[in-house]
Amino acid sequence: MRIGEIAALVGLTTRAIRHYHHVGLLPEPERRPNGYRAYSVRDAVLLARVRRLTELGLSLDEVRNALADDAGRELTEILEELDADLARQEADIRERRRDLGALLAERPGATGPVSPALAALLAQAPRTDSPSAAKDRDYLTLLDATGTGNEEMLGLLGTLVGDPAVVELYERLDALAEAPTDDPRIAPLAADLMAAVPEELFAAIPEDGVVVTGFKEALLAEYAPAQAEVVGRLMDGFMDAFMERGRG
């Protein structure tokens, strides 16, 4: 058989067969006096096996290893590994579909593409149009997306965001939008915000997830000067409490 004929027989393209020759998967057959390759039935059987194995998802290297084992023992092992890999992919797809289902169940535009844990946390938060609350939601989304947060942290924050008194704290922070940095409301608000944070939260923070170079400056730049003073004091108090926990 010529290359076009064997290609049609096994359902491959001539280009694929030439590639298999190039990568050493299929030996070059003898050529006829006219220069054309002369393929045998054995070559056709080999190409049919190659096609079948690649359709099952094996790489060309895996196909080569499988074909090298005449007894088929290595082929069985490879197929078992492939089956296990497909099972893992199925489990991953099921988990991703569960996450997607949780997101689809949310009110459109409510939380955006976040994890189910964060979606559940935000669902507990009282409805408010506070700009400061919106900034906190963005911050939590960032922690969620970067993997800095964890489910334990989000669970502990649930007791905080579910407290209606938190809305008042946001409103007090909003009220400082036009205030000077020496406003007497700054220190009491920073202290009240710090007091609202559950102590257990510090133990749940991963040690490598606290200090990110430049993050504090970038966060404070999002606020008006007096508000940045409050948030800066809160972050400093948060860091002091975290370090104190570490020394304990």
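Visitor: At what angle do helix α3 and helix α4 pack?

Guide: This is a predicted model, in which local features need pLDDT of at least 70, side-chain atom pairs count only at pLDDT 80 or more, and totals for chains, interfaces and linings use all residues. Residues are numbered from 1 along each chain as its sequence is written, and side-chain values use heavy atoms, with hydrogens and water left out. Helices are DSSP runs of H or I with at least four residues, numbered from the N terminus, and axes are lines fitted to C-alpha atoms over the stretch in contact, with angles from 0 to 180 degrees between N-to-C directions. For α3 (residues 41-55) and α4 (residues 60-68), the axes are 10 Å apart and the angle is about 130 degrees.

Visitor: Which word describes the direction of α3 relative to α4?

Guide: Angles under 35 degrees count as roughly parallel, over 145 as roughly antiparallel, 65 to 115 as roughly perpendicular and the rest as oblique. The angle here is about 130 degrees. Therefore α3 is, relative to α4, oblique.

Visitor: Is α9 roughly parallel or roughly antiparallel to α10?

Guide: Helix α9 (residues 165-174) and helix α10 (residues 186-196) have axes 11 Å apart and pack at about 150 degrees. Because of that angle, α9 is, relative to α10, roughly antiparallel.

Visitor: Which residues of α10 make the contact with α9?

Guide: On the α9 side, the contact is made by Leu169, Arg172 and Leu173. On the α10 side, the residues are Pro188, Leu189, Asp192, Leu193 and Ala196.

Visitor: Is His21 buried or exposed?

Guide: His21 is in helix α2 (residues 14-22). Buried means under 20% relative accessible area, exposed over 50%, and partly exposed in between (1.4 Å probe, protein chains only). His21 has 10% relative accessibility, so the class is buried.

Visitor: Which residue has its backbone oxygen 2.9 Å from a polar atom of the side chain of His21?

Guide: Leaving aside neighbours within four places in sequence, His21 is in contact with several residues, including Pro27, Arg37 and Tyr39. The backbone oxygen at 2.9 Å belongs to Leu26.

Visitor: How far apart in space are Gly4 and Thr14?

Guide: Gly4 is in helix α1 (residues 3-10). Gly4 and Thr14 are 10 residues apart in sequence, and their C-alpha to C-alpha distance is 6.1 Å.

Note on methods: Helices (H or I, at least four residues) and strands (E, at least two) are DSSP runs, numbered from the N terminus. A polar contact is a pair of N or O atoms within 3.5 Å; within protein, one must be able to donate a hydrogen and the other to accept it, and residues adjacent in sequence count only if both atoms are side-chain atoms. Contact means heavy atoms within 4.5 Å.
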